[in-house]
Amino acid sequence: MGKVVMYGSVSVDGFIADDDDQPGPLFDWLTSGDVPLDETGALKVSQTSYDHTRAYWDRIGVTVVGRHVFDITDGWGGTPPSGIDHVVVVTHRPAPDGWDPEAPFHFIDGVEAAVAKAQNLAGDRVVEVAAGDVGGQALAAGLVDEVRMDVVPVVFGSGKRYFGSVDARHLLEDPDVVQGNRVLHLRYQVRR
């Protein structure tokens, strides 16, 4: 089985979105460089961020998100983002009316079942769990192997927390650190 990685861009004070659910400048690093990160050319990063991020993105097989993220992205139009094979949506509700049943999206009740489904689909590839409430639930359940953060130099003061509502202590190993343009890429192994 591949690693389970909790991932997201985050403010210095630990938020993945503001109180209005907007990322503000958290994704500016994805358009502030001169090296295309994907085939669309819309995302351009520094060479350092490209080397770090592209290598990670290429290993992702499945992304696990909550229903809120699915809804605000309109399910990415039925096509998983960034070349990912499948998206597993943690939800108590069924797929939306009219949803294409052939789209590689899986609607699963409960984070443990969702991560298990994602691992089955991913094989030896990475299972990425989106930061926020679902990521925090996966961490609290002991399902996360690694925490990755793209820390952006901004302070939100309040908003949607990177670790969601986790209220227990979790020890992480010392970070691997990569400095990009307007972003600090951190990678922590979860201490077992």
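Q: Buried means under 20% relative accessible area, exposed over 50%, and partly exposed in between, with a 1.4 Å probe and protein chains only. Is Arg125 buried, partly exposed or exposed?
A: This is a predicted model, where local features need pLDDT of at least 70, side-chain atom pairs count only at pLDDT 80 or more, and totals for chains, interfaces and linings use all residues. Residues are numbered from 1 along each chain as its sequence is written, and side-chain values use heavy atoms, with hydrogens and water left out. Arg125 has a relative accessible area of 27%, so its class is partly exposed.

Q: Which residue forms a salt bridge with Asp85?
A: A salt bridge is a side-chain nitrogen of Lys or Arg within 4 Å of a carboxyl oxygen of Asp or Glu. Asp85 is partly exposed, at 39%. Its closest N and O atoms to the partner are 2.7 Å apart, and that partner is Arg125.

Q: How far apart are the closest N and O atoms of Arg54 and Asp58?
A: Arg54 is buried, with a relative accessible area of 14%, whereas Asp58 is partly exposed, at 47%. The two form a salt bridge, and the closest N and O atoms are separated by 2.9 Å.

Q: Which residue's side chain is joined to that of Ser9 by a polar contact?
A: Ser9 is buried, because its relative accessible area is 8%. A polar contact is a pair of N or O atoms within 3.5 Å; within protein, one must be able to donate a hydrogen and the other to accept it, and residues adjacent in sequence count only if both atoms are side-chain atoms. Here the contact spans 3.2 Å, and the partner of Ser9 is Trp29.
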